[in-house]
Amino acid sequence: ILVDDPVAYFPLEELLGETTAKDASPGGFDGEFVYDASNAGPVPGVPGIGTNAVSFLGGTEPGFIRIPFRPELNPVAADGVSGGPFSAECWAQPLSHAGSGTYRVALAMFGPFGSGVYGNASGWNFYQHSPDGSGSYWILNMRPPVFLQAVSVPIVLLEWHHLAVTFDGTTVTFYINGEARGTSAAPGYLANNVADGQIGAGQNTGQAPFEGSVDEVAFYG
């Protein structure tokens, strides 16, 4: 990953009890472990893609990793509002399909719902969606207006899935395990409006936190 010159790279090799999610890129944009009320999760040091990963427990008061807002991670176009080109990737290993109609957020770079141009929120995120509780698939959501659903690629529980997004300033493409699973024009896409990103949750999205493990999170310009 470092050979590809990421803007930020979180290998998530931390061990139990650590509070900083180190950015291994030269940018040094470290994240922060935010533990739940009982300090049970998130759980670093679980088996991952390389060595370790971080497990997230879901629940109503979830633990997660906060990625402090940086304009480099949320690039904007010349107008200062529209999203600029970027790519991002992570690995995710779901533990369950969740309940009927549930969306679980593995990675979110998502601004809050607000007013004016940001009334419909902004940014992007990777969801796991379970329509009826018996199965699930991945979704890339970019606000507004893109919602790419990989319905034809059912999630296999306890297996690792590679998720990636590329946006060239005009067109967005969603990849799962190295294959393009959806592409769309995104003329109204807005950059995340000074909100923190999250690994393993997505409080600004209004959806559920992730239940499973995440590893090797990287962002590119």
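Tutor: A salt bridge is a side-chain nitrogen of Lys or Arg lying within 4 Å of a carboxyl oxygen of Asp or Glu. The general idea is that side chains of opposite charge can pair when their charged atoms come close. Keep in mind that what we are reading here is a predicted model.

Student: How many salt bridges does a search of the whole structure find?

Tutor: The search finds five. In one of them, the side chains of arginine 66 and glutamate 32 meet at 2.8 Å, N to O. Arginine 66 belongs to strand β6 (residues 64–67) and glutamate 32 to strand β3 (residues 31–34), so this pair ties together parts that are 34 residues apart in sequence.

Student: With which aspartate does the side chain of arginine 66 meet in a salt bridge?

Tutor: The partner is aspartate 196, at 3.4 Å, N to O. This pair links distant parts of the chain, 130 residues apart, since aspartate 196 sits in the loop between β14 (179–185) and β15 (197–199) while arginine 66 is in strand β6.

Student: Where in the chain are glutamate 211 and arginine 104, another pair?

Tutor: Glutamate 211 lies in strand β17 (residues 211–220) and arginine 104 in strand β8 (residues 102–111), 107 residues apart, and their side chains meet in a salt bridge at 3.6 Å, N to O. Here glutamate 211, at 24% relative accessibility, counts as partly exposed, whereas arginine 104, at 13%, counts as buried.

How values were computed
Residues are numbered from 1 along each chain as its sequence is written. This is a predicted model: local features need pLDDT of at least 70, side-chain atom pairs count only at pLDDT 80 or more; totals for chains, interfaces and linings use all residues. Side-chain values use heavy atoms; hydrogens and water are left out. Helices (H or I, at least four residues) and strands (E, at least two) are DSSP runs, numbered from the N terminus. Buried means under 20% relative accessible area, exposed over 50%, partly exposed in between (1.4 Å probe, protein chains only).
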